[in-house]
Every structure is written in C-alpha cells, then in structure tokens.
Amino acid sequence: MKFELRTRQVCLFLIAFIPINKMFILPSVLAKISNADMWISCLISLSLDLLTIALVTFTCRQSKTDFFNLVENTFGKVGSKLILSVFFVYFMLKAIIPINEQKEYVELTLYTLKPSIFYFLPFFPVVFYLCIKPLRVIGRASDVLWICTLIGYFVLLFLSVTNADFSAILPVGVNGANKIVSASFKGFNWFGDGAYLLFFIGEFCYKKHDGIKIVASYLLSALIILSFMIIFYCIFTSIAHRQRFAFTEISKYTTVINNLGRFDYIGIVLLIFSNTFSISLPLYFACRILNRIFNVKKKWITALCVVGVQALILLTLNRFYLTIENLAKGGFAIFFFIVGNVLPAFSPLLTLKKEKNYENA
Amino acid sequence: MKMVKNLKTNIKYLQKTLDSEDVTFLEVKIKNTDAVLIFINDLVNKDAIGELVLRPAFNYDKPITAQNLFDAFFSPEKKQVFSLKDVVNEVLLGNAILLADGVDSALSFGLKQFEKRSITEPPTSTVIKGPREGFVESLPVNISLMRRKLKTQDLRFENVTIGRYSKTPVALCYITSIADKKLVKAIKEKLKSIDIDAVLDSSYISKLLGEHKISLFKQIGNTEKPDILAAKILEGRIAIFVDGSPIALTVPYLLIEDFQSASDYYNSPYSATVARVLRLFSVLIALFLPALFVAAELFHLQLIPLSFLLTIVNSIKGIPLSPSYEMFLTLLIFEILNEASVRMPKYVGMVVSIVGGLVLGETAVNAGIISAPTLMIIALSGICLYTVPELEQTFAVLRALFLIIGGSSGLYGLICSITLLIIYLISFENFSTPLCAPFSPLIIKDMKDGIYKGFIEEHQMRPLSIKNTNKRRLKIKKTGVDNEI
Amino acid sequence: MKTLKAKIIMILVAFLFIFFFSNDFGLIDVEKTSIITAIAIDKTDDGDFEVTAQIAVPEATDANTENQKAQLSGKGSTVGAALKDLGDTSGWFPKLAFCNLILIGSSLSQTNVITAIDYFAKTLRVQDSALVAFSQKSAKELLEISTPLDNLSAFALQKILLKSTGFDRDIISTDVKSFCADYYSIANSSYMPLIKILDSGGSSESSGQGSSSGGASDTSGQSGGQSSQSSGQKNKENLFDARSTALFVEGVKVGELGDNETLALNAILSNINGTSLSVDEVPDKNGKPTNYLLTVLKNKRKTKLTATNNSLDLYIDLSLYCKVADHSSSNSDEAISQNHPLSQPLIEKTENMLIEYLENMMQISRRTGCDFLKIKEKLYRYNYKQYSLYKDNFLSKVKTHINVSVFGQS
C-alpha cells in the first residue's frame with residue numbers, strides 16, 4: 001500500500017496549522033467572557049481536542065484503510081454519504097469565520113488605508129490550487145511551514161514576554177465556572193481539530209509509538225496556544241477583550257520597535273503564511289469529501305464549486321459578518337462541538353466491523 | 001535496405017543518397033577486386049585512412065570474403081555494416097566505409113577527426129579552489145573526462161542517436177552499482193521516444209525529458225564540470241551527454257542543487273554554510289525586495305521605520321511616476337541593459353556598462369525621473385540574483401511577476417502569490433523525485449548538504465532524496481595510529 | 001489540456017499587467033500622507049477637542065537636509081472628529097502609524113482624559129504604543145515650542161521621555177495601552193509624566209520654516225485649523241522637564257508626584273540602574289558637610305501586601321547598591337570608585353532620604369486616592385478573600401512598612 005503521508009508530517013501538521021488560527025480573534029472572544037480565566041476556557045477546549053485526537057490516533061492504529069472506506073464499510077454507501085455530507089457542511093461552515101478573520105485582518109491592520117474587498121480575493125485562487133492537489137501536498141506543506149509557525153511564534157514571544165505581567169491571571173477561577181465554560185463553548189468554531197485527523201486515517205503507515213508522537217505534537221501545539229493566550233492576557237489585562245487581532249498587537253510594545261520600525265512583521269508575515277494554509281484546510285477537506293460523495297475524478301470541478309461558494313459567501317454576507325460570528329459562537333457552537341469533537345471521538349468504533357480488503361480494490 | 005554483393009548496385013544507391021560534393025567515393029583495388037572507400041572529406045583523418053585502410057588494402061592477398069576483410073584491417077574502431085541505410089548513417093557520423101565487390105557487407109572505420117575546442121574552465125562555474133577543467137562540445141572527449149574521474153567498471157555509457165536530421169549521438173552515463181535501475185530504464189525509454197528534427201544542444205533534451213510541459217522551474221539539472229558531474233553520478237543521478245554540447249544533463253534534479261557550488265565542497269564547511277545562507281538571502285532579496293518596497297510605499301507605510309520613510313519621501317518628492325511604475329521602469333531598463341551586455345561583443349560591453357550604469361542611472365536620478373532608493377534596490381536585486389546564476393532566468397521572471405503583484409495588490413497579494421509558489425514547488429515532481437527535497441518532504445538526514453554543509457565525515461551515506469541502490473559512500477576506518485607525536 | 005493551461009496562465013498574466021497599469025485605487029500617495037509625529041489634545045472653551053498634529057514635512061533635497069515640520073489643528077466633539085477635521089481641511093491623510101507621542105493639555109485636567117486617549121487604543125491603525133504625557137500648559141503650546149534639542153519638538157520630547165528607558169530613570173514614562181489598561185483595571189488609577197517648560201536661556205532665529213514651515217503656512221491658509229507662529233520671528237528656545245508625574249483617578253487628574261516621589265516610585269516599580277541620587281550635607285571624614293552624587297548600580301525591590309481580616313499591611317523593601325559618582329569635598333581621601341565602600345553617614349542619610357520620599361509618595365496616594373502602587377489589584381490577585389472587606393477603604397486601612405537599605409559596592 002502506498003502511503004500519502006509520513007507520521008512525521010502528521011505531527012508537523014499539528015504544530016504548523018493548529019495553533020495559528022487561534023491567534024487572531026479567539027483570544028479577545030475568550031477574554032470578553034471569562035477575562036483572566038480565558039486560559040482555563042482555552043485549556044478546556046484543548047483538553048477536549050486532545051481527547052479526540054488521542055481517540056482518532058487510536059483509530060489510525062487499528063485501521064488499514066482510509067476514513068472514507070471505514071465509513072462506507074460500517075454504514076454502507078448511502079449511510080456513508082450522509083455522514084460525509086455532515087462533515088462537508090461542517091468544514092464549509094468552519095471555514096467562514098477564519099476566512100473572514102483573515103479578510104478583516106488584511107483590511108484593518110495590514111494596509112494603511114482600508115483596501116477594497118477585492119484585495120482579499122487572491123486568497124481564493126490559492127485555495128483552489130491547493131484543493132486540486134493530493135493529500136501529500138498537505139504533508140509537504142507541513143514539512144515547510146512548521147518552521148514558519150514556530151519562528152513567527154517565537155519572534156512575537158520574544159518581543160512581548162517582557163511586557164507581560166503574569167500576576168494578571170490571578171486569582172484563578174474567580175470568574176466562575178459558568179463564564180469559563182461559556183467562553184469555552186463559544187470558541188468551539190476555532191477548535192475541533194480532531195476532525196482533520198480523521199482524513200489522515202490509513203494515509204500514513206502507523207508504526208509503534210506513532211500515537212505517542214502524534215499526541216505529543218498536539219501537546220506542543222496546545223502549549224503554544226495556551227502560552228500565547230496567557231501572554232496575551234498578561235499584556236493587555238483589563239483591555240484584552242478590545243484587542244481584535246491578538247497576534248499583531250502583543251509585540252508592538254517593545255522599545256526596539258520604536259527605533260527599528262515594525263520588524264515584528266517578520267514574525268507576523270510568517271504566521272500569515274501558515275494561516276493562509278490553515279484556513280484553507282477546511283475547504284481542502286470539504287473538496288475531498290465532495291470528490292468522494294459524487295465520485296468526481298476531475299478535482300478542479302469540486303474545487304471550483306467549494307471555493308466559489310465560499311467566495312460568494314464572503315462577498316455577499318460580508319456586511320453580516322458580526323451576525324455570522326455571533327451565530328458561530330452561539331447556536332452553531334454545539335454543531336461544531338458535535339462534528340468536530342464528538343463524532344471523531346467515536347471513530348474507533350468504525351474499526352470494529354471487519355474491513356474489506358481494499359488493497360485489491 | 002540490405003546490401004547486395006554487386007558493388008555497382010550498392011554504389012549507385014549510395015551515390016544517389018549521398019549526393020553531395022563533400023562526400024568522396026574513392027575507388028581502390030583490393031587484390032584486383034573493385035572496392036570503394038566512402039567518406040566525408042572534412043570529417044576524417046586522411047593520414048589514418050592511408051595508414052589503416054589503404055596500406056592494408058594494397059597488401060591484401062587473401063580471398064575476398066567479409067570475414068577476411070574484417071580481419072585484415074587493424075583499425076581499433078571498426079565494425080561490419082550490413083544495410084545501406086547504416087552505411088549512410090556511418091558516413092554521416094564521420095566514419096570511413098569500405099565496400100568491396102562480391103561482399104554483401106561493408107566495413108566501417110572510426111577515423112573521425114574534426115576540430116574541437118580545448119578543455120578550459122567553463123565561464124558559468126569558475127572556482128578559486130578546485131578542478132578547472134570543463135566539458136567541451138565533443139562527446140568522446142567528455143566521455144574520456146568522465147572515465148578519468150571514475151575509473152570503475154561500473155561506470156556505464158549507453159548510446160542513443162536522436163534527431164531525424166542531426167543524428168546526434170546522446171550518451172547516458174551512470175554507475176550501475178549506485179543508480180536506480182528503474183530510473184535508468186525510464187530515462188532510456190523517454191530518450192528513445194524523442195522524435196525531433198535535430199538536437200543541436202543538450203537543452204533540447206532537457207526540455208523534452210521534463211515531465212511537466214509547462215514549468216517555471218528547471219526539471220533537469222546541468223553542469224559543465226566533470227568533477228561536479230562525477231559527484232552527482234556518485235549520488236545516484238544519471239547523466240546525459242549530447243554530442244555538440246558542453247553541458248551535461250543530470251536526472252533527477254533538486255532545487256537545492258543550484259544553491260550548492262563546487263567550491264562548497266573544496267572549502268571549509270563553515271564558509272560553505274555561510275556562503276549558502278548568503279545565497280539564499282540574496283535570492284530572497286533579489287526576488288522580493290523590489291516588490292516589498294513598492295508594496296510598502298503604496299499600501300503599508302507603517303512597515304517602514306520613520307527615519308527611513310522620511311529619507312524615502314525626501315528622495316521621491318517630485319518624481320513624476322508612481323512608485324510602482326518607477327520600479328517597473330527601472331527594472332525594465334536593467335533587464336534591457338542585461339540583455340544587451342550579454343549579446344554585445346566584450347569590448348562594446350564595457351561601453352554598455354558605463355552608459356547603463358553611470359550615465360543612465362546618474363542622469364535619471366539627477367533629472368528626477370527615478371529616485372535613488374529605487375535605483376539602489378534594482379541594482380541590489382540584480383546583483384543578488386547572480387549569486388545563483390543557474391536560476392537567474394527563472395528568478396528574473398518571478399521578480400517581475402512579484403513586482404507587478406506587489407505594486408497592484410500589496411503585501412497580501414504577495415503573501416498569496418508566494419503561498420501559491422510554495423504549493424507549486426512542493427507538489428512538483430520529476431521522475432518521482434520531489435523538486436524541493438530535502439526540505440519538502442523533509443529528509444533530515446539529507447539536511448547536512450542542504451543550507452547547512454556538513455563535514456565530510458557526516459556524509460557517510462548517499463542522499464535519500466535521490467533513489468539509489470547503494471547507501472553507503474564513506475567508511476571511516478580507525479587506523480589505530482596515534483595522532484599524537 | 002496543456003495548451004489550455006498555458007492559455008489560462010497567459011490570460012492571468014495579461015490580467016495582472018492590466019491590473020498593475022490601471023490600478024490607482026487603494027494606493028497611498030506618500031506625498032499626500034501626513035507623517036504625524038505627535039498629537040496634542042486640548043479642550044476648547046465650548047467643550048470641543050482641539051487636536052494639534054505635528055507633521056514631519058520632508059524636503060525634496062539631499063538626504064542630509066533636516067526634516068521640517070508643519071503643525072495643523074482640527075476641532076471636533078471627539079478626538080476622531082477633530083482628526084477628521086484636520087484631514088478634511090488640509091488635504092492630507094492624517095496617518096497616525098508614526099505618532100509616538102500624545103500630549104494632553106492642562107485644559108483636560110478636570111475632565112476624564114480617557115475620552116481623549118481611548119481613541120488611540122480603540123483604532124487599529126493607530127499606535128497604542130505611543131507615549132502619553134500631560135502638559136503643564138496647553139498641549140498645543142508644548143508642541144509649538146522651539147527647542148535646541150531637535151527641529152521637531154515631538155522628537156525632542158520623546159528623547160526626554162525615553163531617557164527613562166535609557167540611563168537616568170527619574171521619569172516615569174507610560175504609553176497609551178498601559179494608561180488605558182490601568183484606567184480600566186479595578187484600581188481605576190493611572191499616571192503619566194507631567195511636562196513642564198523650562199527656559200534654556202538661548203534663542204534661535206526661525207529659518208522661515210520652523211514650527212510654521214512652508215508646508216504649514218501653505219496648508220493653514222486653506223485650513224480651518226491654525227498654523228502657529230509667523231516666519232522670521234525670533235523664537236525663544238525652551239527645554240522640558242518631565243520628572244514630575246500627573247496622577248489620575250477614573251481619568252481625572254487628582255494630583256502630582258514631585259521629582260523625588262517619582263524617583264521613589266520608579267525605584268520600587270522598575271530597575272533604576274544608572275540613576276543618580278543627590279545626597280546633600282553629609283559630613284565627610286573630617287566632619288565637613290559635603291554634597292554627594294550617587295549612582296545606583298543595582299536596586300532590589302519587593303512590595304508585598306498581606307491582608308488579614310484585622311489588618312492590611314504593605315511591605316516595601318528597597319535595597320540600593322550605589323557608588324559615589326561625584327562629591328563636593330576637597331578631601332583627596334574621598335574616592336570615587338565602584339569598589340569604595342560608602343561612609344556610614346552617607347548610607348544613613350541616603351536611606352532616610354529615600355524613606356522620606358517613599359512616605360511622601362504614600363501620603364500623596366492616600367490624599368489623592370490614586371492607587372498607583374496597585375494595592376487594590378494586589379489585594380484582588382493575592383488576597384481575594386479579603387478583597388471585599390477592604391476594596392472600598394484600602395488606602396486608608398493599609399499600613400505601610402518601608403525598609404530601605406543602601407550599600408556601597410564592595
């Protein structure tokens with residue numbers, strides 16, 4: 001069996017793409033609800049994701065075929081199409097907020113004057129191009145971009161950590177469980193990363209201890225996210241919830257910036273590279289699902305549909321972005337939790353039924 | 001068409017086919033039997049014809065049979081040819097052909113002799129330390145250079161003739177105990193499938209061998225130096241020589257190859273690593289600096305430090321062109337000067353550099369048509385590009401593209417286009433070898449000859465980026481001799 | 001398919017070319033962009049904000065030419081509106097990306113200054129890392145001042161304020177973000193340096209540009225705002241003193257910390273290595289009164305709040321390692337050396353002096369109600385159980401225990 005990915009690439013995938021999309025508006029969303037306890041809310045979500053990822057990794061160990069075949073094997077053709085459709089909708093919805101975040105970021109901070117929305121459109125050809133590529137390209141992108149994420153993160157960390165007052169997170173838990181859990185709930189759109197791993201099942205050769213490596217990689221990724229959240233809050237304290245784009249805000253208070261200009265943009269641009277890939281991932285997996293559901297051979301057709309729909313959503317619903325964001329944080333959060341965390345957590349059950357011999361298929 | 005025993009019939013056909021004044025049909029007698037020696041005047045060594053063909057023919061006293069004739073001549077390069085088509089081919093290749101009456105085969109003598117360039121240091125890859133010899137246009141000379149480097153029975157040359165009209169000899173070169181057999185087979189098949197009028201240079205083969213017809217980047221490596229080629233072959237690559245071209249091709253090709261220089265292997269690893277980092281940074285500056293500068297000026301003033309911004313604004317005040325047009329115009333002038341200086345004779349080239357560099361630049365700045373920072377950035381970018389001369393043309397196109405993108409859509413446009421380029425590069429494969437290895441896919445063991453250049457002791461195994469059948473290339477044996485005196 | 005791909009690529013490249021050569025939307029004309037280096041905010045009699053921007057005006061000459069400045073004013077009911085007014089009337093895009101200094105005029109002392117400053121913390125295109133300072137007079141006047149330090153008074157002021165991050169930490173500098181964070185914290189108390197104007201004794205002939213450069217006079221003609229002084233006028237040159245600190249509670253100025261108290265506050269809040277301390281009238285070996293200048297080599301500081309249901313105690317421990325930098329003694333034995341131990345009288349005098357400064361500082365805190373030591377925050381963070389008990393009267397209840405130790409480096 002020819003594998004599209006290596007275990008190393010799966011691990012690096014988690015480091016390269018998982019932390020970055022949580023560094024835009026999520027910190028301010030969490031800070032608004034649970035204030036100094038925002039990191040606990042984040043920790044809850046990360047723990048849920050860790051559990052999901054551990055269970056999906058267990059499925060990877062047990063399975064000899066990919067996720068699509070597993071689902072078809074268990075639920076039959078029609079059932080599998082239904083389940084895949086749920087994931088398709090999930091990924092399409094999951095992509096909306098991060099894409100809008102990046103668009104808003106580009107409009108509000110990257111350009112000196114607010115540019116037209118058309119300046120954001122080059123993003124879509126990039127996603128289209130990525131969507132027509134095989135899965136191994138995602139693995140190879142992880143090979144390259146993990147270093148971008150880490151360098152970008154450490155540049156920002158280095159510039160900002162001296163401005164942080166770490167006592168700001170005290171007293172722990174004073175905001176009450178209600179607020180903490182509520183913040184965690186509202187952030188589900190940004191989490192649920194276990195769902196990505198489903199599509200890596202059977203795509204890499206699972207060897208002994210691979211599960212530990214994958215979980216350890218996610219732990220590193222979680223550590224990056226958590227430390228970022230804590231530093232963010234410790235820098236801004238009482239005005240943390242007003243900082244819309246956390247990762248560009250935290251590093252600008254260092255004295256050297258006054259003398260050398262915004263050289264923290266080196267780190268920021270590196271993170272934007274990773275983020276461009278990161279926010280393309282839901283659409284990439286949506287394309288793969290669509291290809292499978294309709295058995296499409298010409299990938300560009302599905303890529304065009306998925307990217308076109310997403311571009312249309314961006315162009316038409318641009319004015320209602322805040323409503324969409326509130327929906328994602330409100331009613332849809334439960335959907336994101338179920339599809340992003342609960343369903344993948346049950347993936348080991350898929351391996352219970354004896355698998356067909358797909359190698360000869 | 002098969003040969004017949006009647007000489008006249010054969011000659012009649014050949015005279016009709018090779019109807020050209022430079023083809024000589026020399027009639028000779030071998031033991032009273034009519035015979036004809038055919039050759040192209042300027043391609044053969046006439047002294048050798050006298051010594052190795054005519055003298056033995058004059059002294060010949062055995063019965064005229066194909067085998068007797070073959071045994072009678074002592075030419076080291078001789079073979080029997082049985083069809084008239086092959087006779088024609090042999091003549092065109094510069095060999096001398098002897099046909100005798102009553103024999104239905106011909107003898108071909110490899111007595112080629114034509115003018116060739118002497119072995120010199122190639123202008124594209126000069127080194128301060130290390131071998132200075134370079135390939136020439138003659139295939140046998142190039143093969144001899146390789147044989148001198150690698151004295152092993154495992155070094156194989158396989159010949160293919162390509163070109164309907166040029167009949168260019170092309171030689172495949174590899175080490176049997178190292179090269180991947182499947183790759184050799186695939187390349188051979190690909191070469192054989194080429195049906196083209198003429199192969200005038202190895203670049204023809206290079207383009208036809210690539211798996212991607214539309215490609216921005218090189219798909220086949222090349223070198224003009226035997227030492228580099230030997231090193232590449234020893235890593236498991238396969239070389240292709242084309243008669244008439246001093247450039248040998250190598251397959252598979254990795255992008256990192258062009259960031260490696262021959263001198264890296266002859267100097268200390270420290271300086272090699274620094275040089276490679278420098279090359280990488282230079283390429284980044286060359287590719288992105290003009291675009292970033294224009295993007296910052298037009299869309300992202302906040303990226304420029306205040307004191308620097310004031311200097312820029314000072315210098316661009318009064319310039320009639322917008323920053324993007326100004327940069328594009330300057331780049332255009334630079335590319336024109338570059339093109340002109342390459343084409344012009346050497347002594348005129350000096351004039352071009354004076355006129356272009358000093359007069360045009362200085363006057364344009366003084367006249368307020370272009371600003372000094374723009375000129376400086378293009379000059380810097382231009383110089384930086386030549387730190388990796390092999391990729392200069394590709395990067396020049398990319399630089400212009402990035403400039404246009406940066407000038408029209410700013411930093412985000414640039415980020416998207418670079419992301420697109422990254423996806424393109426990491427998904428690019430030729431002969432199942434990823435172009436960006438060992439970075440993507442990440443092959444950690446090969447990183448010691450990536451940007452970082454390891455010590456020779458670290459290169460004990462052959463790179464994994466290139467498929468090969470023999471993994472170890474260096475064994476360090478402990479001598480047991482105490483180094484302390 | 002291959003030719004189709006090639007055609008698509010050609011079309012895309014052609015489109016890019018067209019886009020590049022026809023594109024003029026979203027671009028910034030650098031020449032029309034005002035590079036605002038400082039903002040002065042005052043309040044007019046009718047309650048509007050008057051925002052004065054100091055703008056660096058580059059000259060189209062060689063690189064060595066010093067940048068000239070222009071000063072423009074705009075009015076509005078909010079700071080944002082005043083800035084818009086400034087842009088509308090000058091034709092410049094007022095871009096605040098380079099604005100590193102925000103001056104608050106004395107006219108805002110009775111109002112909540114956050115109404116002026118918050119704009120810079122809310123807007124994403126503005127540097128909220130800009131320094132903030134309170135002017136003893138009108139902020140506009142401060143910007144208009146001619147100073148021998150720099151052609152642009154904004155740069156001169158920044159030099160003074162950033163000195164505190166450089167060597168002599170006797171100024172307490174703060175930026176927009178910190179000020180706002182302090183304001184919105186549970187302590188509601190914030191501070192910023194108070195800038196006083198000093199007479200340098202010198203004067204300069206305005207070059208005809210100065211604070212009312214060609215650019216400024218051109219634009220002021222068409223603007224509703226006013227440009228400052230006329231050209232050719234003989235300007236008096238001034239210097240600035242920012243060693244005092246203005247204190248704010250809920251954004252309203254409630255008092256000031258003097259030079260000594262500011263130094264004491266700096267000593268317990270931050271690293272003050274290199275800062276000078278003047279200790280006067282200390283008897284030398286011969287008993288002769290001598291004035292000393294000490295340089296702080298290192299300061300160890302610890303402020304700890306302990307709260308029980310019966311008491312609230314603030315412990316301030318400050319250890320200073322100093323060397324004598326200068327003295328007025330004629331005695332040749334008085335060495336100026338890093339390794340020379342300080343005399344006991346000098347140590348005692350310095351300790352007493354610092355205790356006095358710190359006590360004064362605490363008194364000012366109690367008197368003004370400004371919790372610049374963030375006692376309430378400490379109470380909340382470290383003694384949350386007692387928080388509700390003391391949150392309304394912590395300043396009156398807190399007992400301060402000050403311990404200062406001075407050492408000579410040995």
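Two strands pair if DSSP finds at least two bridges between them. Helices (H or I, at least four residues) and strands (E, at least two) are DSSP runs, numbered from the N terminus. The model is predicted: local features need pLDDT of at least 70, side-chain atom pairs count only at pLDDT 80 or more, and totals for chains, interfaces and linings use all residues. Residues are numbered from 1 along each chain as its sequence is written, with chains lettered from A and ligands numbered from 1 in the order in which they are written.

**Sheet in chain B**

Chain B holds an open sheet of 5 strands in the order β6-β7-β9-β10-β8, with antiparallel pairing. Its edge strands, each pairing on one side only, are listed here.

| Edge strand | Residues |
|---|---|
| β6 (chain B) | 155-162 |
| β8 (chain B) | 221-223 |

From one strand to the next the twist averages 25°. Axes are lines fitted to C-alpha atoms, for helices over the stretch in contact, and angles run from 0 to 180 degrees between N-to-C directions. Strands β9 (238-242) and β10 (248-251) of chain B run antiparallel and are joined by 3 bridges. In this pair I238(B) stands opposite V251(B) of β10(B).

Helix α8 (226-234) of chain B packs on the sheet and touches β7 (168-175), β8, β9 and β10 of chain B; contact requires C-beta atoms, placed from the backbone, within 7 Å. The direction of α8(B) makes about 55° with that of β7(B).

**Domains of chain C**

An automatic or database domain assignment sets the bounds: domain 1 of chain C is 30-254 and domain 2 is 259-408. Their contact takes 17 residues from domain 1 and 19 residues from domain 2. On the domain 1 side, β9(C) gives the most, with 6 residues.

Terms used:
Two residues are in contact if their C-beta atoms, placed from the backbone, lie within 7 Å.
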